[in-house]
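Please read the following report alongside the sequence and the structure.

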2 protein chains.
Amino acid sequence: MDKSRSSGFTCWLTGLPGAGKSTIAVELVKALDELLVPCELLDGDVVRTNLSKGLGFSREDRNLNVSRVGFVCQLLNKHGISAVVALIAPYQEAREQLRRTLPNLIEVYVDCPVEVCIERDPKGLYKKALTGEISQFTGISSPYEIPTQPDLRLKTHEEEIEDSVKKVLDYLDSNGFISRG
Amino acid sequence: MDKSRSSGFTCWLTGLPGAGKSTIAVELVKALDELLVPCELLDGDVVRTNLSKGLGFSREDRNLNVSRVGFVCQLLNKHGISAVVALIAPYQEAREQLRRTLPNLIEVYVDCPVEVCIERDPKGLYKKALTGEISQFTGISSPYEIPTQPDLRLKTHEEEIEDSVKKVLDYLDSNGFISRG
């Protein structure tokens with residue numbers, strides 16, 4: 001069974017800011033490119049600029065952002081283009097909705113304790129959230145609902161990026177989404 | 001030269017409500033399907049629901065809607081999937097912006113006098129616009145800037161749908177976007 005032959009998959013990396021979603025996504029897309037899997041990276045920041053300008057960070061707006069990206073994934077997947085998404089998607093209800101609209105969804109929980117994320121703070125946003133300079137920040141002043149049944153869980157504080165990427169590739173391979181020959 | 005082999009094209013049908021954009025788009029996509037051209041129909045109503053919920057009908061919001069759809073077209077085209085768009089896109093500035101972001105854009109002006117559109121009124125919206133029941137309606141209470149240099153102009157009040165579709169296919173063929181063999 002090679003699902004990738006007829007339609008693409010969506011590999012959605014969900015998790016706290018700083019958990020490693022974008023980093024893994026970039027490396028994953030590189031690896032998929034090498035395997036000649038047609039795919040597109042949809043990163044939270046790019047999406048906010050191009051699809052969701054004007055949306056805020058309330059529960060409703062975040063869910064709307066998720067469903068919009070899901071719509072784009074649906075279009076891509078339908079035509080055999082896979083999508084790798086790096087987007088917090090903090091609410092369970094929106095992730096469940098994705099599962100209903102995307103037949104080939106792989107929900108990857110990028111699991112990293114908030115303390116580690118605060119330490120990493122790649123964009124300096126936790127600092128601003130902790131001092132109250134920015135509000136509605138996931139993990140600090142806005143909730144992150146832990147996925148109850150992710151297809152995969154990556155503990156980025158315990159493993160290297162290449163290990164995480166390999167786990168995703170192994171999952172995709174053993175579930176017929178890609179073929180490494 | 002077969003541009004479709006490497007990347008897709010975007011055929012954007014712009015024009016007044018009731019000019020015939022959606023009707024032509026549906027028939028065009030059917031014809032492209034038969035030619036095995038991978039393509040996707042993006043219709044104004046579907047787009048408003050899935051990408052632009054919350055946007056209104058001001059100049060700014062309409063332009064934002066256009067640029068969002070343009071972003072999706074860009075993603076699809078990049079991966080060899082063509083797009084047929086049926087969306088009013090009333091402002092020249094937004095259409096010019098599309099031209100900058102979509103290398104394979106075909107701007108098709110679906111040209112039909114507003115009097116004819118009012119007569120057709122397929123969704124009963126002109127009636128509501130004329131009585132003031134709905135506001136900011138293109139052609140009545142919101143402007144439509146006529147494309148200055150469309151790639152193609154279809155006069156739907158003077159020709160049959162199949163003629164219009166044939167004109168687009170001829171254009172795509174003679175410009176190397178598709179090959180009818």
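## Helices α1 and α7 of chain A

The crossing of α1(A) and α7(A) is right-handed, a crossing being left-handed if the near helix is turned anticlockwise from the far one by less than a right angle, and right-handed if clockwise. Helix α1 of chain A covers residues 21-34 and helix α7 of chain A residues 161-174, and the two pack with their axes 9 Å apart at an angle of about 55 degrees, which makes α1(A) oblique to α7(A). Angles under 35 degrees count as roughly parallel, over 145 as roughly antiparallel, 65 to 115 as roughly perpendicular and the rest as oblique. The axes are lines fitted to C-alpha atoms, for helices over the stretch in contact, and the angles run from 0 to 180 degrees between N-to-C directions; helices (H or I, at least four residues) and strands (E, at least two) are DSSP runs, numbered from the N terminus.

From α1(A), the residues T23(A), I24(A), E27(A), L28(A) and A31(A) make the contact, and from α7(A) it is made by I161(A), S164(A), V165(A), V168(A) and L169(A), where contact requires that the C-beta atoms of two residues, placed from the backbone, lie within 7 Å. By class, this contact of α1(A) with α7(A) has seven nonpolar, two polar and one charged residues. Ala, Val, Leu, Ile, Met, Phe, Trp, Tyr, Cys and Pro count as nonpolar, Asp, Glu, Lys and Arg as charged, and the others, Gly among them, as polar.

## Basis of the model

This is a predicted model, in which local features need pLDDT of at least 70 and side-chain atom pairs count only at pLDDT 80 or more, while totals for chains, interfaces and linings use all residues. Residues are numbered from 1 along each chain as its sequence is written, and chains are lettered from A and ligands numbered from 1 in the order in which they are written.

## Where the chains meet

Chain A and chain B each give 13 residues to the contact, and α3(A), with six residues, supplies the largest share of the side of chain A that touches chain B. By class, that side of chain A has eight nonpolar, two polar and three charged residues.

Helix α3 (residues 59-78) of chain A and helix α3 (residues 59-78) of chain B have axes that come within 11 Å and cross at roughly 25 degrees, so α3(A) is roughly parallel to α3(B). The crossing of α3(A) with α3(B) is right-handed. Here V72(A), L75(A) and L76(A) meet V72(B), L75(B) and L76(B), and by class this contact has six nonpolar, no polar and no charged residues.

## Core and buried positions

The largest nonpolar core has 97 residues, and V85(A) and V85(B) have the most contacts inside it; such a core is a set of buried Ala, Val, Leu, Ile, Met, Phe, Trp, Tyr and Cys residues joined through C-beta atoms within 7 Å. The largest share of this core, six residues, comes from α3(B). Leaving aside neighbours within four places in sequence, V85(A) is in contact with T10(A), W12(A), L13(A), L42(A), V69(A) and C73(A).

L172(B), in helix α7 (residues 161-174) of chain B, counts as buried because it has 25 C-beta neighbours inside 10 Å. A residue is buried if 20 or more other C-beta atoms lie within 10 Å of its own, exposed if 12 or fewer, and partly exposed in between. L172(B) touches F177(B) and I178(B), not counting residues up to four places away in sequence.
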